[in-house]
Amino acid sequence: MPSDSRAWKSLLMRALPTRIKSRLCGQRLSTRSAPGDSGSRDLKAGLGMLDEDDRDATLRYLLYEVSELRSLIRHLLAESPRYAEFIRSTSSSFDFQWGHIKDGVALRSDPEFLKRCRGLVASYTGLPEHWFNGKRVLDAGSGNGRWSATFCELGAQVTAFDISEHGVAETQRECAGHPAKIFRHSVLEPIPTEETYDLVWSYGVLHHTGDTYRGFQNLVPKVAPRGHLFLMLYGEPRLENMIEFKELNLYQALRWQLRGLDNEKKAHSLQSILQPHLVHGFFDAVSPPINDCYDRSEVVGWLRTAGFEEIRETLDNRNIHIVARKR
Ligand SMILES: C[S@@+](CC[C@H](N)C(=O)[O-])C[C@H]1O[C@@H](n2cnc3c(N)ncnc32)[C@H](O)[C@@H]1O
């Protein structure tokens, strides 16, 4: 038995969540639920958090607040004329990258990537490799064409665009010999093609545009009825995974070191500290000024609102690899 009022209070505080939980749920809370019932599983997991210790609860509250505020600020920034400079210099960083740092890990000059790329598109989309043959695929923000070329090799009819002139030229080079349509375009404008696609794929693009939601909205009408939409978007770090916080802290520290330098000087600085095959990846991660990270729930919310179902993440990773099917 507790002997003083402070001990009573502490006991009550610890007891309170359980009582709240049983009142909310009408029964002992189980975080188990039927397979595929992820909405209700997540809700129950949320209620289960009432058991977390005080420091975790405080940290989680602050992360929720930061996430919510960043999400609101993004909507305001997208309309702000001053933000146009951030958007412009993000595009310029990518154009420099595709023109001057062409090789690196996970690009088509990497033999390991070449071996794995067909399997990767299959596992990220949840579609078998043979599915792609003859399908219409739109690669929105094709970069230097590593995925467009993969889709071509799988027999798809590929349409691809990117805002970067060098990116478009590299995509054309990678897809040479295949009947792909490749052009320069911004995903923040409606996509100027007549057709719709069996798969719209956008890997690591929308979070660099300065208006992810507008880009998403421009992609939605391009997905054919019963077609698939795959997005890779930077995700916020997950609390249970400290390495994700450390990774992002490293990127942020490097971004601050490189502030105010032009693309060439940023590249030189990275070349002076990194092994050559790592320069491309780090430049990609730290040079562009716009790198929005999303909470998965925001993306799921957009997909639901836009009429998608069968929404699922296909990789357990900080970055959100998400696929959904249009009704
Ligand atoms: C990280 S790269 C990813 C490229 C490619 N999807 C890949 O996975 O290799 C981001 C790409 O988004 C492109 N991008 C940025 N803003 C864009 C916009 N508004 N419209 C189209 N592409 C854009 C950049 O030029 C760059 O090629």
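I started with α5 and α6, which are roughly perpendicular to each other. The model is a predicted one. For the pair I read an angle of about 85 degrees, with the axes 10 Å apart. The cut-off matters here: 65 to 115 degrees counts as roughly perpendicular, so about 85 degrees qualifies. Helix α5 covers residues 111–125. Helix α6 covers 146–153.

Next I listed who meets whom. From α5 come C117, R118 and V121. From α6 come R146, W147, T150, F151 and E153. I sorted the residues of this contact by type: four are nonpolar, one is polar and three are charged.

**Entry: the ligand**

Which residues are closest to the ligand? I noted F94, G141, G143, I163 and S164. The ligand is surrounded by 20 residues. By type, I have seven nonpolar, 10 polar and three charged residues in the shell. I then asked which helices contribute. Both α4 (84–100) and α6 supply at least two shell residues each.

**Entry: the whole chain**

I counted elements next. The protein has 12 helices and seven strands. It runs to 327 residues, and 30% of them count as buried. I also looked at how far apart in sequence the contacts reach. Taking contacts between residues at least 6 apart, 62% join residues at least 24 apart.

**Entry: A140**

I placed A140 in strand β1, residues 136–140. Is A140 buried or exposed? It is buried, because 25 other C-beta atoms lie within 10 Å and the cut-off is 20 or more. I set aside neighbours within four places in sequence and listed the contacts of A140: F161, V187, V200, W201, S202, V205 and L219. The C-alpha atoms of A140 and T159 are 8.4 Å apart, while the two residues are 19 apart in sequence.

**Entry: positive phi**

Most residues other than glycine have a negative phi. A106 is not a glycine, yet its phi is positive, about 70 degrees. I found A106 in the loop between α4 and α5. It has 15 C-beta neighbours inside 10 Å and so counts as partly exposed.

E310 is another non-glycine with positive phi, near 50 degrees. This residue sits in a strand, β6 (residues 308–313). E310 is partly exposed, because 13 other C-beta atoms lie within 10 Å.

G260 follows α9 and has a positive phi near 85 degrees.

I checked the span of α9, residues 242–258. From first to last C-alpha, its 17 residues reach 25 Å. That is close to the 24 Å expected at 1.5 Å a residue.

Y251 belongs to this helix. Beyond its neighbours within four places in sequence, I noted contacts of Y251 with A285 and V286. I also took the separation to F283: 9.9 Å between C-alpha atoms, for residues 32 apart along the chain.

**Entry: V279 in α11**

I moved to α11, residues 276–286, where V279 is found. V279 is buried, because 22 other C-beta atoms lie within 10 Å. Which residues does V279 contact, its neighbours within four places left aside? I listed I101, G104, A267, L270, Q271 and L274. H268 is 11 residues away from V279 along the chain, and their C-alpha atoms are separated by 9.4 Å.

**Entry: N291**

Last, I looked up N291. Where is N291 placed? It is in the loop between α11 and α12 (296–305). I counted 17 other C-beta atoms within 10 Å, so N291 is partly exposed. Neighbours within four places in sequence aside, N291 is in contact with H207, H208 and Y234. L206 is 85 residues from N291 along the chain, yet I read 9.3 Å between their C-alpha atoms.

Definitions and conventions: Residues numbered from 1 in each chain as written. Predicted model: local features only at pLDDT ≥ 70, side-chain atom pairs only at ≥ 80, totals over all residues. Near = placed C-beta within 6 Å. Helix = DSSP H or I, 4+ residues; strand = E, 2+ residues; numbered from the N terminus. Nonpolar A, V, L, I, M, F, W, Y, C, P; charged D, E, K, R; others polar. Axes fitted to C-alpha atoms, helices over the stretch in contact; angles between N-to-C directions. Parallel < 35°, antiparallel > 145°, perpendicular 65-115°, else oblique. Contact = placed C-beta atoms within 7 Å. Buried ≥ 20, exposed ≤ 12 C-beta atoms within 10 Å, placed from the backbone. Expected span 1.5 Å × (residues − 1).
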